[in-house]
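Here's a quick tour for anyone meeting this structure for the first time. Have a look at the sequence and the model, then read on.

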Amino acid sequence: MRPLRRSALHDDAGSAALEFVTVGVILLVPLVYLVIALGAIQEQTLGAEAAARHIARTIAQAPDAESAAARSDAVLAGVVDEYGLDEGAVRVSIACTNPAVACPSPGATLVVTVATRTRLPLVPDLLGLDRSTAVPVQADAVQKISRMWGTG
């Protein structure tokens with residue numbers, strides 16, 4: 001009688017496929033979630049950057065302060081709609097580099113900051129988890145206002 005080989009005692013037939021599926025699922029699910037989450041954050045970042053840039057340009061090209069405010073509100077509403085930003089979470093601040101002058105004013109350098117928070121996908125509203133796991137996003141835009149701004 002021949003002695004049995006050691007490999008014959010441990011039959012591994014079919015276990016490679018099972019290991020591949022198990023490891024694949026363990027690695028694939030977090031990877032897919034990471035891609036989806038980074039996509040959502042990138043979308044909100046691009047929206048905040050577009051809002052800041054377009055609001056700064058709109059104010060700099062407006063003929064006066066009243067129309068600048070109305071036009072910038074319209075631009076913000078359009079960007080919020082286009083990029084799917086949370087309207088309640090968007091914060092816009094407008095300042096000039098020289099705090100001694102009124103903002104906006106002719107010849108000033110305008111700084112527009114748009115800040116928002118990006119909710120991560122698949123995070124439930126339970127116990128405020130959606131707010132505590134939100135990622136803050138901020139964008140700044142700088143625009144020089146013409147010296148002839150507001151004259152007509």
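A word on exposure to start with: a residue is called buried when its relative accessible area is under 20%, exposed when that value is over 50%, and partly exposed in between (1.4 Å probe, protein chains only). What you're looking at is a predicted model, where local features need pLDDT of at least 70 and side-chain atom pairs count only at pLDDT 80 or more, while totals for chains, interfaces and linings use all residues. Residues are numbered from 1 along each chain as its sequence is written, and side-chain values use heavy atoms, with hydrogens and water left out. Helices (H or I, at least four residues) and strands (E, at least two) are DSSP runs, numbered from the N terminus.

**Salt bridges**

- A salt bridge here is a side-chain nitrogen of Lys or Arg within 4 Å of a carboxyl oxygen of Asp or Glu, and the structure holds two of them.
- One pairs R53 with E49, N to O at 2.9 Å.
- These two residues sit four apart in helix α2, so about one helical turn separates them.
- E49 is partly exposed at 32% relative accessible area, and R53 is partly exposed too, at 28%.
- The other salt bridge links D125 and R119, with the closest N and O atoms 2.9 Å apart.
- D125 is exposed at 53%, while R119 is partly exposed at 44%.

- Searching the whole structure turns up one disulfide, meaning a pair of cysteine sulfur atoms within 2.5 Å.
- That disulfide ties C96 to C103, with 2.2 Å from S to S.
- It counts as right-handed because the torsion about the S-S bond is about 80°.
- C96 is buried, with a relative accessible area of 13%, whereas C103 is partly exposed at 34%.
- C103 is also joined to P104 by a cis peptide bond, with omega about -5°.
- P104 belongs to the loop between β1 (91-96) and β2 (109-118).

- Most residues other than glycine have a negative phi, and most peptide bonds are trans.
- L122 has a positive phi, near 65°, and isn't a glycine.
- You'll find L122 in the loop between β2 and α4 (129-132), where it is exposed at 76% relative accessibility.

**A nonpolar patch**

- L28, L31, V32, L34, V35, I36 and L38 make a nonpolar surface patch of about 640 Å².
- Patches are built from residues with over 30% relative accessible area and no salt bridge, joining like charges within 9 Å and nonpolar side chains (Val, Leu, Ile, Met, Phe, Trp, Tyr) within 5 Å.
- The areas come from the Shrake-Rupley method with a 1.4 Å probe, and for residues only the protein chains shown count as cover.
- L34, one of the patch residues, is in helix α2 (residues 15-61) and is partly exposed at 45%.

**The largest pocket**

- A pocket is an open set of points on a 1 Å grid over the protein atoms alone, where a 1.4 Å probe fits, with protein on both sides within 12 Å along at least five of seven lines; lining residues have an atom within 4 Å of a point.
- The largest pocket holds about 260 Å³ of space.
- Its lining includes A40, Q44, D86, R117, R119, D130 and R131.
- Which elements each supply at least two residues of that lining? They are α2, β2 and α4.

Conventions. Points joined across faces, edges and corners; volume = space filled by probe spheres on them.
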